[in-house]
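Open your viewer and get ready to select things as you read. Each stop tells you what to pick and what you will find there.

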There are 2 protein chains.
Amino acid sequence: MAKQVKIKDIARMAGVSAGTVDRILHNRGNVSRTSREAVERVLSETGYRYNIHTSAVSLRKEYRIVIAIPTAIKGEYWDSIRTGIEHAIDEYSDISIVREYAYYNQFDIYSCRASFKSITESSPNAVIIGPTFASETRELCSELDRMKIPYAFVDSVIDGLNPTLSFSCDQRTCGLTVARLLHLMTPGGQDFAILSSRRTGNERSNNSLARKAGFMEYFGRNCPEKNIREVKFSVLDPQESERDVLKFIEENPDVRGIAVLNSRGFIVADILEKRGIGNVSLVCFDLTDNNRRCISKGTISAVICQRPELQGFYAVSGLIRNLLYNQEDGQKEHLMPIDIIIAENLPYYKEYLP
Amino acid sequence: MAKQVKIKDIARMAGVSAGTVDRILHNRGNVSRTSREAVERVLSETGYRYNIHTSAVSLRKEYRIVIAIPTAIKGEYWDSIRTGIEHAIDEYSDISIVREYAYYNQFDIYSCRASFKSITESSPNAVIIGPTFASETRELCSELDRMKIPYAFVDSVIDGLNPTLSFSCDQRTCGLTVARLLHLMTPGGQDFAILSSRRTGNERSNNSLARKAGFMEYFGRNCPEKNIREVKFSVLDPQESERDVLKFIEENPDVRGIAVLNSRGFIVADILEKRGIGNVSLVCFDLTDNNRRCISKGTISAVICQRPELQGFYAVSGLIRNLLYNQEDGQKEHLMPIDIIIAENLPYYKEYLP
DNA sequence: GTGGGATTTGTGTACGTACACAAAAGTACT
DNA sequence: AGTACTTTTGTGTACGTACACAAATCCCAC
């Protein structure tokens with residue numbers, strides 16, 4: 001590690017003062033073209049990297065980050081994202097960060113609109129969005145673009161927008177992976193099924209569609225003779241879910257593998273268990289408390305996890321980097337790893353450690 | 001985030017000077033019992049956390065970390081650990097960290113002794129150890145203990161020692177996981193085999209034994225009727241390996257699932273591929289370049305990955321925390337997640353992102 | 001060329017901690 | 001009580017950056 005070049009060194013080398021270098025580093029304007037060019041040359045020659053610590057020390061501003069995600073119910077999916085966000089805020093406690101949650105009900109478009117409206121009104125320094133309703137998100141983002149407020153997506157991405165940062169999984173590949181697992185876990189020539197939630201127009205609909213496409217692609221390629229049934233079941237009303245699921249099972253006794261393309265695998269698992277149906281493999285998404293329980297018991301065979309905590313964590317730290325150091329750091333779209341969790345590796349599964 | 005309490009606040013509240021608080025925070029001695037108690041009380045009442053940035057700024061010492069691991073060959077297992085270590089050093093480039101590698105040949109106990117000897121002679125500030133030879137490691141550690149030099153283990157742990165920090169996986173659980181995967185991936189009633197390297201006395205031997213135990217445990221519990229063969233093959237001499245593996249295949253035509261309990265799965269995969277043997281599922285450890293290649297091709301069915309990069313990364317950052325802030329932070333033994341990699345999720349697998 | 005406004009540049013201070021050094025208090029012994 | 005020494009305590013400075021403010025320079029109309 002060569003001795004770090006400091007701002008004063010840059011200034012000396014470029015024949016200007018430290019103040020001017022600072023102005024250039026922070027795009028704060030009021031710099032003559034001559035100075036700018038001289039400094040930029042020295043900057044690139046020396047490969048200057050400012051000291052993150054002294055930089056943070058001198059920063060006295062307070063930053064407000066608003067987080068617009070579906071209500072985080074304890075132990076469910078969005079709560080993991082929240083946990084990651086909180087972890088990051090805690091990690092960066094040496095910088096004044098204020099976070100505000102603007103939760104919305106992911107099944108109620110009006111609550112989403114209201115929540116999003118309040119965001120632009122409060123003009124925060126940065127926003128983290130868990131996008132569910134596409135057109136509402138588009139509207140919010142275009143407003144944020146106009147206000148020059150940076151924003152990050154977590155969980156999924158809405159086409160055509162240009163977030164500062166985004167974190168998601170390639171859902172098609174998730175679908176492929178689920179298909180593969182289910183295929184492995186379902187011996188013999190039986191059929192497979194996809195269960196997805198009935199309110200597909202709302203709940204992370206993009207994700208579900210792409211997952212399904214991947215799933216179908218796998219079987220189309222590897223066993224085109226297989227019959228893939230598709231069922232939608234209610235994720236809101238327990239009685240209705242039970243009816244939907246049981247009806248399906250009765251009508252399709254050959255099905256031995258079920259993919260639930262959202263986090264509600266446990267609902268299906270619990271129904272099957274209650275009815276003593278034990279010979280069906282079940283794969284679903286997201287390591288929620290309920291899904292953990294079912295994996296441990298064996299009523300869910302595998303779960304795909306997209307590291308929601310890390311997504312939240314990186315969204316915060318990325319936005320901070322952007323705010324404080326206007327680091328446009330190269331990669332904007334981050335595709336998370338696709339983790340496979342089964343009963344055996346569940347006990348040690350953690351998204352991050354120390 | 002409540003306004004942070006600062007050292008001066010603590011000093012004022014405890015009726016002493018900032019210098020005294022500092023001495024207590026850093027265990028630098030020369031403090032009267034009265035002052036110590038007063039300060040410690042205020043410290044715990046206020047939940048003081050020093051500012052990591054200003055702390056780093058004021059630190060002007062240079063720290064030297066020596067890394068004693070088997071030679072990191074590009075693209076192989078130990079190289080991943082090295083990558084994580086380098087990543088951490090880079091991340092902490094605002095602190096003066098000097099790292100030195102004391103590589104040793106993991107198949108040559110004399111090189112290990114020589115390497116370890118040089119470490120204590122150079123009296124570094126901290127050491128990262130990838131322990132292979134148990135008794136040599138014991139000797140090194142007792143010397144480090146005497147010199148009060150903190151050290152961290154990566155990859156595995158030697159019993160009875162007391163490292164400042166350790167990172168490894170529960171190898172028994174890894175074995176269970178491999179068994180489960182192989183069981184899933186091997187349809188019908190065929191037999192399974194374990195292949196392990198012949199030089200088991202040396203190479204990460206602890207790991208191999210525990211993996212085997214987990215593997216056997218799984219089959220003992222779930223299908224006690226299965227026949228598990230065990231074979232050792234050379235990992236050093238290609239011709240010898242090939243002979244060993246082919247001989248085994250010929251003598252055991254019923255085997256359809258092979259677990260390689262180290263990172264040399266690709267050797268077996270390549271031999272099988274070369275001979276056109278395509279109906280055997282293969283599961284092994286560690287996401288080396290060669291194993292990646294085989295997963296993509298389909299000649300390896302799955303790989304267990306123990307996040308070696310993260311192990312290296314956390315070893316460095318943990319030791320730095322210990323050195324700079326003598327934070328004994330609670331957990332010392334870190335058991336890493338057990339990742340399952342198959343062809344589908346390989347493309348997006350990364351140990352960490354931004 | 002001079003005045004005055006706009007632009008550009010330089011300087012000084014604050015941030016919170018670590019540590020060296022100086023000062024003060026305590027202790028033991030004559 | 002005074003001396004010599006040890007232990008304890010307090011103070012001042014440096015770290016590298018961000019930013020406010022003062023100073024210098026430039027530009028143009030008269």
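A salt bridge is a side-chain nitrogen of Lys or Arg within 4 Å of a carboxyl oxygen of Asp or Glu. Keep that rule at hand. The model on your screen is predicted.

**Stop 1: the domains of chain A**

Colour chain A by domain. Domain 1 covers 7–50, domain 2 covers 57–168 + 308–336, and domain 3 covers 171–305. Now show domain 2 of chain A and domain 3 of chain A together. Their centres, taken over C-alpha atoms, are 30 Å apart. The contact uses 13 residues from domain 2 of chain A and 14 residues from domain 3 of chain A.

How much area do domain 2 of chain A and domain 3 of chain A bury between them? The value is about 1,200 Å², with 52% of it on carbon and sulfur atoms. Select Gly75(A), Tyr77(A) and Phe107(A). On the domain 2 side of chain A, these lose the most area to domain 3 of chain A, together 44% of what that side buries.

Now apply the salt-bridge rule. Between domain 2 of chain A and domain 3 of chain A, the count is 0 salt bridges. For polar contact, the count between these two domains is 1 residue pair.

**Stop 2: chain A meets chain B**

Show both chains. A rotation of 180° with 0.1 Å of shift along its axis superposes chain B on chain A, with an RMSD of 0.1 Å. That is the relation of a two-fold axis. Which residue of chain B comes closest to the rotation axis? Select His53(B): its C-alpha lies 2.1 Å from the axis.

Next, select the interface. Chain B gives 46 residues to the contact, and chain A gives 46 residues. The copies meet through the same surface, because 100% of the interface residues of chain B are also interface residues in chain A. The two chains bury about 4,400 Å² between them, and carbon and sulfur atoms give 59% of that area.

How many salt bridges cross the interface of chain B and chain A? The rule finds 4. Zoom in on Glu344(B) and Arg180(A). Their side chains meet in a salt bridge, at 3.1 Å from N to O. Between chain B and chain A there are also 14 residue pairs in polar contact.

**Stop 3: the core**

In soluble globular proteins, nonpolar side chains tend to be buried together. Here the largest nonpolar core has 114 residues. Select Ile128(A), Phe215(A), Ile304(A), Ile128(B), Phe215(B) and Ile304(B), which have the most contacts inside it.

Finish on Ile304(B). Beyond its neighbours within four places in sequence, Ile304(B) is in contact with residues including Cys174(B), Leu181(B), Phe285(B) and Ile338(B).

Terms used
Residues are numbered from 1 along each chain as its sequence is written. Chains are lettered from A and ligands numbered from 1 in the order in which they are written. This is a predicted model: local features need pLDDT of at least 70, side-chain atom pairs count only at pLDDT 80 or more; totals for chains, interfaces and linings use all residues. Side-chain values use heavy atoms; hydrogens and water are left out. A nonpolar core is a set of buried Ala, Val, Leu, Ile, Met, Phe, Trp, Tyr and Cys residues joined through side-chain atoms within 4.5 Å. Buried means under 20% relative accessible area, exposed over 50%, partly exposed in between (1.4 Å probe, protein chains only). Contact means heavy atoms within 4.5 Å. Copies are superposed by least squares on the C-alpha atoms of residues with pLDDT of at least 70 in both. Domain bounds come from an automatic or database domain assignment. Buried area is the accessible area (1.4 Å probe) that two parts lose on being put together, summed over both. A polar contact is a pair of N or O atoms within 3.5 Å; within protein, one must be able to donate a hydrogen and the other to accept it, and residues adjacent in sequence count only if both atoms are side-chain atoms.
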